[in-house]
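Student: I would like to learn how to read a helix-packed chain. Can we work through one together?

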Amino acid sequence: MTETPSQRTARYLKEDPLLGDVLGWSSTAPQEWEAARPGLAIRQLRWRLGLTQRSLAARAGLRQGHVQRVEAGLDCRLSTLTRLLAAMGFEPMLALRPRR
């Protein structure tokens, strides 16, 4: 039987509870991770790490306004998200599922 995205997310959070703590998500509610907007996840992670938009932008080689647009959901390109996550010590994890 193939693992569903929710099951996979729950497994990742169980294997690494710090990840859920950093993002402010409980390991008992993995659907929160899947439902989160990328910009909101970036913002939550930045706050948890004590970074400002300006300091994150400097680490990622972007302008502060670009980070602001990402967090507002106006720029959700994978390349941009990857740069921001890498600047915070993370990498993206993608999951595919059939359309409803």
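Student: What share of the contacts in the protein chain with a separation of 6 or more comes from residues 24 or more positions apart?

Tutor: Contact means heavy atoms within 4.5 Å. Here, residues 24 or more positions apart account for 45% of the contacts with a separation of 6 or more. This is a predicted model: local features need pLDDT of at least 70, side-chain atom pairs count only at pLDDT 80 or more, and totals for chains, interfaces and linings use all residues. Residues are numbered from 1 along each chain as its sequence is written, and side-chain values use heavy atoms, with hydrogens and water left out.

Student: How many helices and strands does the protein chain have?

Tutor: Helices (H or I, at least four residues) and strands (E, at least two) are DSSP runs, numbered from the N terminus. The protein chain has seven helices and zero strands.

Student: How are two packed helices described?

Tutor: By the angle between their axes and the distance between the axes. Axes are lines fitted to C-alpha atoms, for helices over the stretch in contact, and angles run from 0 to 180 degrees between N-to-C directions. Take α4 (residues 38–48) and α7 (residues 78–87): their axes come within 11 Å and cross at roughly 15°. That makes α4 roughly parallel to α7; angles under 35 degrees count as roughly parallel, over 145 as roughly antiparallel, 65 to 115 as roughly perpendicular and the rest as oblique.

Student: Which residues of α4 and α7 meet?

Tutor: Pro-38, Ile-42 and Leu-45 of α4 meet Leu-81, Leu-84 and Leu-85 of α7. By class, that contact has six nonpolar, no polar and no charged residues. Ala, Val, Leu, Ile, Met, Phe, Trp, Tyr, Cys and Pro count as nonpolar, Asp, Glu, Lys and Arg as charged, and the others, Gly among them, as polar.

Student: What percentage of the protein chain is buried?

Tutor: Buried means under 20% relative accessible area, exposed over 50%, partly exposed in between (1.4 Å probe, protein chains only). Of the 100 residues, 33% are buried.
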